Amino acid sequence: MNQTIEQMMLTIGQQARLASRAMARASSEQKNQALSNIAKAVRRDVAKILAANARDVERAKAAGHDAAFVDRLTMTEKSIETMAMGLEQIVTLEDPIGQITPFKQQPSGILIGQMRVPLGVIGIIYESRPNVTIDAAALCLKSGNAVILRGGSEAIDSNTFLAGLIQEGLATAQLPANAVQVIQTTDRAAVGKMITMTEHIDVIVPRGGKSLIARLMQDGRVPMIKHLDGICHTFIDEAADIDLAIKVCDNAKTQRYAPCNAMETLLVHGKIAPQVLPKLCRIYQDKGVELRVDPKTRSLLESNQFANLVDATEEDWRTEYLAPILSIKTVESLDEAMDHIEHYGSKHTDAIITQNQEHANRFLREVDSASVMVNTSTRFADGFEYGLGAEIGISNDKLHARGPVGLEGLTSLKYVVMGHGEIRQ
């Protein structure tokens, strides 16, 4: 590795670790003041933000990036105002730091509680969206953490300028500017160093595509909060309300195709399939959704004059399409549906449509995903919709944080013990 890059990263890590101690003891008022200051600075410098972003967009177009990529990169007056409003929204959220659970007295006389504390230093690696610079920094600051941000090389000018506004807002609230640092190099060696800096970074949060996260999982040594795939299922049980099932499953797939909580596989009980699939699949085809089906589903749909069906392959059941494509399988029982989810799912979000409470309870207990739902759309698996105010990402891991990760997910608990001179016998 380039010695200059390695030394730069070590310096950033040392500065972040030092700043994290100040952030851990910062008052809610200080943190909220910093967030309000950043919001004011963002609104003050709209023209300068747009100018920095225009340079990034021009480079991206010259490099031949496609329209969708350029769209994610591009900022507007509206998106900048949304960033400022997001900062103000996080100000209104309850500060979790320092909260202590009720104390419980032990037979020895000591009192035991748990206190919520920051994780320390969080590293966030993300791709083209510059708004993540503000959103991620704000959540980390409110939860008392220091943060190191490594945005995509394509957004370097936008991210660097926004980082300056964040540091200005921190300094005017008497908080260390180094509590938020943006890595100002496009050299990928910086990422390689960042994900191994266990002495300076407590957790990495990757916000990007599958290839980025796969690389970090392979090479990283710092613990991560992440999800690799969002292969979300909905199972229409034999005891489903048909109209409800059609409404929910339409929304779960077609409300937006690209988010990780969109449904990718529909499982339907064979007993209800003749009543629900023809109506539902007509909606899908009218909206341009390609249907990839198993033999039972094909037979049923062809008998109802459906054409343009594609035979589902083994790979389809494992695929997160993020596109107007849906896999459909007809199953003969709740157990078969849950077995399919266990075998092919990604432990992100899975739902059952049923009026049978026993079936709903079994699904909730036995499906091992970060979010499990009954009679509603998988599209609700989102920090804002869960009342977290905002999220830094989704985790389908089992340890620490699971599902949408808000302020509490960026904290941990430590035991607090209060005594009156007790000694252990």
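Modeller: Leaving aside residues up to four places away in sequence, Ile204 touches Gly123, Ile125, Met194, Ile195, Leu216, Val222, Pro223, Met224 and Ile225, where contact means heavy atoms within 4.5 Å. The model is predicted, so local features need pLDDT of at least 70 and side-chain atom pairs count only at pLDDT 80 or more, while totals for chains, interfaces and linings use all residues. Residues are numbered from 1 along each chain as its sequence is written, and side-chain values use heavy atoms, with hydrogens and water left out.

Ile204 belongs to the largest nonpolar core, which has 69 residues. Such a core is a set of buried Ala, Val, Leu, Ile, Met, Phe, Trp, Tyr and Cys residues joined through side-chain atoms within 4.5 Å; buried means under 20% relative accessible area, exposed over 50%, and partly exposed in between, with a 1.4 Å probe and protein chains only. Together with Val42, Ile124, Leu141, Leu149 and Ile392, Ile204 touches the most other members. Helix α6, residues 131-142, gives the most to this core, eight residues. Another core lies apart from it, with 27 residues, including Leu291, Val293, Leu300 and Leu326.

As for the whole chain, 51% of its 425 residues count as buried. It holds 14 helices and 16 strands, taken as DSSP runs (H or I, at least four residues, for helices; E, at least two, for strands) and numbered from the N terminus. Its radius of gyration is 24 Å, close to the 22 Å that the globule rule gives for 425 residues, so the chain is as compact as a globular protein of that length. That radius is taken over C-alpha atoms, and the rule is 2.2 Å times the number of residues to the power 0.38. Of the contacts with a separation of 6 or more, 72% are between residues 24 or more positions apart. The C-alpha trace spans about 70 × 70 × 40 Å along its principal axes.

Gln255 sits in the loop between α10 (242-254) and β8 (263-269). Not counting residues up to four places away in sequence, Gln255 touches Asp250 and Arg379. From Gln255 to Ser299 the separation is 44 residues in sequence and 28 Å in space, C-alpha to C-alpha.
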